[in-house]
Amino acid sequence: MQRDKITRNDLKKNFLKKIIMRLDFQGVLQAEMESIILKVKPFLKGKGFNRYEEKAVNQISSNESSLPDIKSQMVFSFTAESLGYTLEMSNTSIIMTIMSNTYSPFDQYSDIFCHIATIYNETIDFFTAKRFGLRKINFCFIKDKNKINQYFVPAYYNCDIPISGFESKIMEQKNNLSDGLKNLNLRYAIEEGQIDVERYYKVTLDADIYLTSQDEIMKTVFNEQEIGAINEKLFGVYINAITEEFLNVLASDREMTTNEILGVELND
């Protein structure tokens with residue numbers, strides 16, 4: 001399988017465990033949230049959200065005095081239990097979290113997120129975007145440490161021990177990248193642990209792409225093609241971190257029958 005020609009549709013399995021989309025902003029008063037919620041509720045109900053909760057969260061900010069400033073903020077939380085979606089809204093952020101055993105197409109949750117952002121933008125006169133981020137956390141478990149580089153590229157997952165007589169419990173590499181507009185935080189990690197009574201190695205690919213330019217955020221969040229391009233950047237990170245052998249495993253629609261790798265699931 002040619003790495004540079006692989007598309008999402010080619011992959012029948014995944015080891016994606018958590019997705020977070022977040023938009024931070026200012027210019028929204030707590031009193032203005034009522035008009036936002038009135039518009040959001042019927043929309044989310046139609047998208048399968050079945051639980052709603054309001055909660056007060058303390059925010060700690062620094063000021064010129066030595067004592068921190070603690071303010072209470074109302075957070076409006078919506079949950080779609082069947083989809084594994086949680087959406088938390090406040091007067092400073094929108095945070096959507098996806099945790100599901102089945103694969104969620106990007107368009108499905110990004111459309112919801114962007115519609116909520118549009119409601120804020122169209123309702124609030126002084127809505128000012130500050131940061132937008134998309135984070136995807138992938139991990140699976142491999143039984144034999146010597147086979148990790150059979151599935152994950154050694155440049156990012158180095159299993160070599162720097163000194164004899166010792167064993168690594170956690171191996172981690174972090175990269176912070178930027179092209180001037182988009183920023184990437186990448187974490188590649190191997191952690192020793194147990195599943196039941198057997199030793200396994202948890203292999204994690206944690207990729208976070210974010211924007212801090214207001215113009216870029218507005219151009220991205222409210223444009224289907226632009227936000228799709230952000231998602232494709234993370235797909236490129238994903239593809240580059242795994243080997244040809246693992247790509248072939250993920251491209252097969254046959255269920256995993258070995259206990260050599262755990263946590264890899266069929267998309268459907």
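A salt bridge is taken here as a side-chain nitrogen of Lys or Arg within 4 Å of a carboxyl oxygen of Asp or Glu. By this criterion Lys219 forms a salt bridge with Glu216, with the closest N and O atoms 3.1 Å apart. The model is a predicted one, in which local features need pLDDT of at least 70 and side-chain atom pairs count only at pLDDT 80 or more, whereas totals for chains, interfaces and linings use all residues. Residues are numbered from 1 along each chain as its sequence is written, and side-chain values use heavy atoms, with hydrogens and water left out.

The secondary structure comes to six helices and twelve strands; these are DSSP runs, helices being H or I of at least four residues and strands E of at least two, numbered from the N terminus. Along its principal axes the C-alpha trace spans about 60 × 50 × 40 Å. Of the 268 residues, 42% count as buried, where buried means under 20% relative accessible area, exposed means over 50%, and partly exposed lies in between (1.4 Å probe, protein chains only). The protein exposes about 14800 Å², of which carbon and sulfur atoms supply 47%; accessible areas come from the Shrake-Rupley method with a 1.4 Å probe, and for residues only the protein chains shown count as cover. Contact means heavy atoms within 4.5 Å. Among contacts between residues at least 6 apart in sequence, 69% join residues at least 24 apart.

The charged pairs deserve attention next. Side chains of opposite charge can pair when their charged atoms come close. The structure holds 13 salt bridges. In one of them, Asp206 is paired with Arg135, the closest N and O atoms being 2.6 Å apart. This pair links distant parts of the chain, since Asp206 belongs to strand E10 (residues 198–211) and Arg135 to strand E7 (residues 128–142), 71 residues apart. Asp206 counts as buried because its relative accessibility is 9%, whereas Arg135, with a relative accessible area of 31%, is partly exposed.

Another salt bridge joins the side chains of Lys169 and Glu192 (3.5 Å, N to O). Here too distant parts of the chain are linked: Lys169 is in the loop between H3 and E8, and Glu192 is in strand E9 (residues 182–195), 23 residues apart. Glu192 has 24% relative accessibility and therefore counts as partly exposed.

Lys219 counts as partly exposed at 42% relative accessibility, whereas Glu216 counts as buried at 12%. Beyond individual pairs, salt bridges that share partners join Lys169, Glu192 and Arg199 into one network.

Helix H5 (residues 224–241) has 18 residues and reaches 27 Å from its first C-alpha to its last, close to the 26 Å expected at 1.5 Å a residue; the expected span is 1.5 Å times one less than the number of residues. Asn223 caps the N-terminal end of H5, a side-chain oxygen lying 2.9 Å from the backbone nitrogen of Gln225. The buried residues of H5 include Ile227, Ile230, Leu234, Phe235 and Tyr238.

Strand E4 (residues 69–80) contains Gln73, which counts as buried because its relative accessibility is 8%. The side chain of Gln73 makes a polar contact with the side chain of Thr92 at 2.8 Å. A polar contact is a pair of N or O atoms within 3.5 Å; within protein, one must be able to donate a hydrogen and the other to accept it, and residues adjacent in sequence count only if both atoms are side-chain atoms. Leaving aside neighbours within four places in sequence, Gln73 is in contact with residues including Gln30, Lys55, Val57 and Ser90.

Ile161 lies in the loop between helix H3 (148–151) and strand E8 (170–178), and counts as partly exposed at 33% relative accessibility. In the loop between E9 and E10 is Asp196, which counts as exposed because its relative accessibility is 72%. Phi of Asp196 is near 60 degrees, a positive value in a residue other than glycine.
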